[in-house]
Each structure stands twice: as structure tokens, then as C-alpha cells.
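Please examine the sequence and the three-dimensional structure shown below. The paragraphs that follow lead through selected features of the fold and of the backbone.

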Amino acid sequence: MAIFKGAGVALVTPMKADGTVDFDKLKQLVEWQIAKGIDAIIACGTTGEASTLVDEEHIAVIETVVKQTAGRVPVIAGTGSNNTQHGIYLSKEAERVGASGLLVVTPYYNKATNSSLVKHYDAICKSVNIPIILYSIAGRTGMNLTPSMVAKLKELPNVVGIKEASGNISQVVEICTLADENFAVYSGNDDQVLPFLSVGGAGVISTIANILPSETTQMVHDFFDGNIANAKKMQLQQLPLIHALFKEVNPVPVKAAVSLLGRCEMNYRLPLDKPEDDTLQLLKTAMKNHGLI
């Protein structure tokens with residue numbers, strides 16, 4: 001059974017000028033997302049700068065989001081690691097603090113073999129009793145989950161879906177042949193949501209939903225409700241903004257965009273930092289043209 005169907009936001013993690021997590025702003029973001037109709041919240045994913053959070057912060061962010069949502073929407077915790085034991089630890093902790101499910105990225109840098117990759121996911125799956133969504137994003141991890149690998153991994157206990165961010169539509173189509181009531185396929189690319197949905201995708205785990213929660217949710221629900229023309233119009237209208245949001249590595253531009261909305265400060269953890277001036281100007285122009293600022 002899918003954890004959610006529709007639009008999930010890969011939430012940014014607000015930070016103060018001194019680099020600490022701004023938990024008050026985090027709670028406010030959760031409330032705003034829920035008020036705008038988001039279907040799920042993903043805490044501590046790539047967009048949430050999880051790779052620069054220490055474990056105590058990582059778990060505290062997940063717990064804060066869980067408590068603030070109070071069961072109104074599912075909370076999916078990013079707990080992937082290139083160290084299987086570390087991934088098990090984060091996954092157990094996320095389950096302990098009440099996460100609805102886990103988003104587990106392929107182990108980066110190590111580049112596991114197919115057989116060891118199955119063992120990696122199997123060990124994490126067996127360590128918890130909540131659903132797990134695979135996360136394939138080769139551009140960041142160096143590992144692509146091929147359709148044949150997805151077919152093997154979907155048979156593991158607790159695996160209920162995949163966030164697919166390869167950008168390869170042919171691969172997406174093949175993976176979507178594996179989709180059923182027990183395995184959901186989510187778009188990991190905001191510019192490809194409708195292509196995913198058209199071949200059986202269950203929704204999107206979105207970056208742009210940080211600034212367009214209502215529109216992103218409406219687009220997906222319109223598609224499911226048969227209002228394809230409006231969904232298509234919304235997808236195409238978002239493209240200039242999506243291009244601006246990915247001019248630099250995610251989450252640099254999107255956190256700047258959330259800051260321009262006045263919903264967090266433009267603070268990051270090194271090695272990430274504020275966007276270049278030309279990126280910021282492009283972002284401001286795209287947001288103005290979209291009526292956001």
C-alpha cells in the first residue's frame with residue numbers, strides 16, 4: 001500500500017545565522033504546507049540538507065515535523081546512508097519518533113555491486129516495521145537503480161515505492177510497469193511530473209512544492225480527476241521557475257526562494273552557501289513572473 005498518492009514536498013530545513021536549525025520556522029513551514037493542501041511531507045531529504053546535519057539534529061528535525069503534523073499528513077523521513085549500519089540507526093530512530101515511512105537513497109560514493117546493494121536495502125528493511133521508498137538519483141550518488149534492480153528490491157519487506165530521479169523517461173516507463181497497489185512510483189523531477197503520471201505514477205516528491213504547494217498538489221489531483229488540460233497547463237507554466245530552481249545545486253536556489261517568500265532565512269551549511277548573484281536574479285524574475293513576489 002502506497003504511503004501517499006499525490007504531491008509530497010521535500011521540505012527545506014530552515015537555519016539561523018549561526019548555522020543552527022531554526023525549529024520555529026520549521027514548524028511554521030509544516031503548518032503552511034498542510035494549510036496549502038500538501039499530501040505528504042518529506043523531512044531530511046536532499047532538499048533538507050540532511051547530509052550536513054549531525055545525527056541528533058537529523059532525528060530532531062524528523063521528530064519536530066512528526067509532532068507538528070500530528071497525523072494530518074504522512075511524514076516520510078530521509079534515512080539513507082553510504083554506511084549500512086548508519087542507515088539502520090537513522091531508520092530505527094525515525095521509526096521511534098513516529099515517521100510514517102522512510103526515503104532511502106542508494107548508497108553514494110561506495111558504488112555497491114548489485115548483490116551488495118540488495119543486502120544493503122534488505123538489512124535496512126529488516127531493521128524497521130514501517131514502509132520504505134527507494135530513492136534513485138544517480139546524478140548525486142553515482143548509482144542508478146535499473147528496472148531489473150527495482151524489480152528485485154520491490155520484493156524486499158517494507159519496500160512500497162520508489163522516488164525515481166534519473167531523468168530517463170524510457171527507464172521511468174519500464175519501472176512503471178512494476179507499479180501496482182503495493183508499489184508506487186513517484187517522480188523525483190518537477191519538470192516530469194505529468195509524464196510519470198501518464199504511465200502510472202502515483203505522484204511526485206517535489207522541490208518546487210516548497211514555494212508552490214497548492215499549485216503542485218492541484219496539478220497532480222487535476223490529472224487524477226481527469227482534468228488533464230489544466231494539469232498540462234500548470235506543468236508547462238512551472239518550467240521557467242523550475243529551471244531557475246535548478247540553476248545551481250539543489251537546495252541552494254529553493255531555500256533562497258523560500259527566503260524570498262519570507263518563510264525562512266537564506267542560511268546554509270557549508271559546503272553549500274547562498275546562490276550566485278545571477279542565479280538569485282534569475283530566481284527573482286521567475287518568481288515575479290509567476291506572481292509569487
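Which residue in β7 is the bridge partner of Ile-162? In this predicted model, the partner is Val-185. Ile-162 is also the bridge partner, in β6, of Leu-134.

Strand β5, residues 132-136, pairs with β6 in the parallel sense over 5 bridges. The pairing of β6 with strand β7, residues 184-187, is likewise parallel and comprises 4 bridges. Between β6 and β7 the chain passes through helix α7, residues 169-176, and the three elements make a right-handed β-α-β unit. Strand β6 itself, residues 159-164, is mostly covered, with 6 of its 6 residues buried.

The nonpolar interior may be considered next. In soluble globular proteins, nonpolar side chains tend to be buried together. The largest nonpolar core here has 83 residues, and those with the most contacts inside it are Ile-41, Ile-62 and Leu-241. Apart from this core lies another, of 17 residues, which includes Ile-42, Leu-103, Ile-137 and Tyr-186. Residues up to four places away in sequence being left aside, Ile-62 touches Ala-43, Cys-44, Ala-77, Gly-78, Ala-94, Val-97 and Ala-99.

Most residues other than glycine have a negative phi, and most peptide bonds are trans. Cys-44, although not a glycine, has a positive phi of about 65 degrees. This residue is placed in the loop between β2, residues 40-43, and α2, residues 55-69. Is Cys-44 buried or exposed? Because its relative accessibility is 3%, below the 20% limit for burial, Cys-44 counts as buried.

The loop between β2 and α2 also contains Glu-49. Its phi is near 55 degrees, again a positive value in a residue other than glycine. Glu-49 has a relative accessibility of 2% and therefore counts as buried.

Pro-251 lies in the loop that joins α11, residues 239-245, to α12, residues 252-260. Pro-271 is found in the loop between α12 and α13, the latter spanning residues 277-289.

Technical notes. Residues numbered from 1 in each chain as written. Predicted model: local features only at pLDDT ≥ 70, side-chain atom pairs only at ≥ 80, totals over all residues. Heavy atoms only, no water. Core = buried A, V, L, I, M, F, W, Y, C linked by side-chain atoms within 4.5 Å. Buried < 20%, exposed > 50% of the residue type's maximum accessible area, 1.4 Å probe, protein only. Contact = heavy atoms within 4.5 Å. Helix = DSSP H or I, 4+ residues; strand = E, 2+ residues; numbered from the N terminus. Pairing = 2+ DSSP bridges. Right-handed = clockwise from strand over helix to strand, strands pointing away.
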